Amino acid sequence: MDETTETSLQVAPQSWTVLRAIAVIGIALSLFQLYAAGVQPLGLFFQRPIHLGFVLALCFLIYPVFGRHRARGVLGWSIDAGLIVLAVLVGVWVPINIDIIANQVFPRDIDVWIGIVTILVVLEAARRAVGLGMTLIGAFFIAYAFAGRRGELPFLADWMPGILNHRGYSLERVSSQMTLGAEGIFGIPLGVAATFVFIFVLFGAFLEVTGAGKFFIDLAYAAAGKQRGGPAKAAVIASAGMGSISGSAIANVVTTGAFTIPLMKKLGYRPAQAGGIEAAASTGGQIMPPLMGAGAFLMSEFTRVPYVEIVLVSIFPAILYFGTVYLLVHIAAVKQGMTGLTAEELPNTREVLAGGWHFLLPLVALVALLVAGYSPMRVGFYAILSIIAAASARALWIFAVSGPTGRGFVALCRRGITLTLEALELGARNAVAVSVACAVAGIIVGVVGLTGLGLKFSAMMIAFSGGNIVLALILVMLASLVLGMGLPVTAAYIVLIILVGPALTEQFGVPVLIAHLVVFWYSQDSNVTPPVALAAFAGAAIAGSKPMETSIQAWKYAKGLYLIPLFMVFNEEIILGGPLPLVLWSGAIAILGLTAFAAALEGFLWRPMPIWMRLLLVPGVVALFWPDLMVEIAGTVLIGILLGMNWVQARQDKDQPGGRAGSGRAQET
């Protein structure tokens, strides 16, 4: 599912012919990807161009030239038909001519011109599927490659600071860099999108059409619905479950939020609060193993760390994030005197498991195959086969016990085929935006490699931060927020890690894997940080609240997104491992620090906190992040004393006649 938000204008309906064309191309793309994943792996100069050709053709069919709120008309169809022909050309040119291209010392004129067409078509697809911001950033980097004394746009060199100047490159050089090698459009970002990402997006589509989403939501309600603020806690749990198969914050919001937000409002949460909680919880879906959006696959390619290792080290930080959101939700519920839902309003746990236990089998198979050492692409292929097998076995069992008939069996087979085709089409549709964004990210990667911009950006970052790692991380956070205004999370991560990764690792000594995790986590902040909180805006639409107020609530509940990466940097052993006592100590103080931060933020834990206690908790939290054992111990003691006092006071309130902890319903901060 793409990361853009639809306008409030009504989407013009597509004709039957167009919908059928989208279905046929989408199914063909998914079958091609399954063939490459499980039957016959293809070389990168076959897999990536063909994948891109399919995706571009789908993009121009799904997203009309003048927007989805207007009918195409004759002019629109003239433009889109031409672009679809060019998309096919882009997809087949390199595979057909690979032997000639590989043996040429200098590129042929025809290859250069096809390269120019490829760049322009990709930028136009990005405008439609991702947003104008992505296209402008890609165009900016192309212009930067030309902007040198020897380039196509030498006059731009006068406008660039000295540190950003470079020699400039010709149209022929830029075109060949972008499309005739593995360092541009057909580079690592598109390679990851065309292999691992697509196959797992397709896996998520199969889970979706077979009803796994409803199963996870019902299971979350059954587990947490009776507790205080039950629907909000169910939203956190459901978003974690959905995130493990979706990997898109906005997809999470619209899927789980349709159920959780109305119930949160019914229970007493304000509309903006309900939308903000759902947005914060759904954002965690992108950092929740095993999918993590496309992040885990890209990290594996960039760092050469096995995918399964990235998944394993990401589990504890993801638990910390969801635990923080869960605690903030609980505190808000206690402060406002909320109760849970009644047993009659909740699904029965046994009935939920009885009706959907088979959805757990593909996830178990997925994890088992990863641990066994299979490649992520092959794992995704087998996971898709397992969900088809599990759903088919369940359907056949129900059919067998309900009195089988010949006509019923035919209907069952038709439904199975229909759902399979629907999943194949849905997977292809959902992959369009990610693949197009990765193609433009390839342009950025190619220009950075050609001009040496990465090293120059690192030098600028060191100069601005004065060599201070905290200031450098704040700069990364701000840069990710700005990039997030126009880029999807995956693209923002790629751009940021290319630009700031060398500085973090080489100049500040941050281990490579931690640097990637930090940048990836910070790339999520555009989902929940005003003024461009895309997930919060989606939550606001469901909740019927003001978008900006909802985004402020989302920003408050998602504070772990900013603190946990800092903890990774200053406590490396929590990610990289080390002596067991040290790892356990780091894990314990991480939990304590986030608990204390939540209490200080809300002014409440077991009972309302006076302002002096909240102020004293802040230096205690800072001390836990300090890379010095004695300072960490001092912070632990301070926080322990303050939280202990709060607990004792709550017990005393409870023991008083007619008293209870948390009385007074403190005002929401």
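Mentor: Helices here are DSSP runs of H or I with at least four residues, numbered from the N terminus. This is a predicted model, and in it Ile 633 is found in helix H28.

Trainee: Is Ile 633 buried, partly exposed or exposed?

Mentor: Buried means under 20% relative accessible area and exposed means over 50%, with partly exposed in between. Ile 633 has a relative accessible area of 34%, and is therefore partly exposed.

Trainee: Which residues make the nonpolar surface patch, and which element gives the most to it?

Mentor: The patch covers about 950 Å², and its members include Trp 612, Leu 616, Ile 633 and Met 645. Helix H27 (611–625) and helix H28 (629–655) are the elements that give two or more residues to this patch, and H28 gives the most, with six residues.

Trainee: Where is Thr 550, and what does Thr 550 touch?

Mentor: Thr 550 lies in helix H23 (residues 547–557), and, with a relative accessible area of 0%, Thr 550 is buried. Its side chain makes a polar contact of 2.6 Å with the side chain of Ser 545; leaving aside residues up to four places away in sequence, Thr 550 touches Ala 272, Gly 275, Gly 276, Ala 536, Ala 540 and Ser 545.

Trainee: How many residues of H11 are buried?

Mentor: Twelve of the 13 residues of H11 are buried, so this helix is mostly covered, and among the buried ones are Ala 272, Gly 275 and Gly 276.

Methods:
Residues numbered from 1 in each chain as written. Predicted model: local features only at pLDDT ≥ 70, side-chain atom pairs only at ≥ 80, totals over all residues. Heavy atoms only, no water. Patch = residues over 30% accessible without salt bridge, like charges linked within 9 Å, V, L, I, M, F, W, Y side chains within 5 Å. Areas by Shrake-Rupley, 256 points an atom, 1.4 Å probe, with all protein chains shown as cover. Salt bridge = Lys/Arg side-chain N within 4 Å of Asp/Glu carboxyl O. Buried < 20%, exposed > 50% of the residue type's maximum accessible area, 1.4 Å probe, protein only. Polar contact = N/O pair within 3.5 Å; in protein donor to acceptor, adjacent residues only side chain to side chain. Contact = heavy atoms within 4.5 Å.
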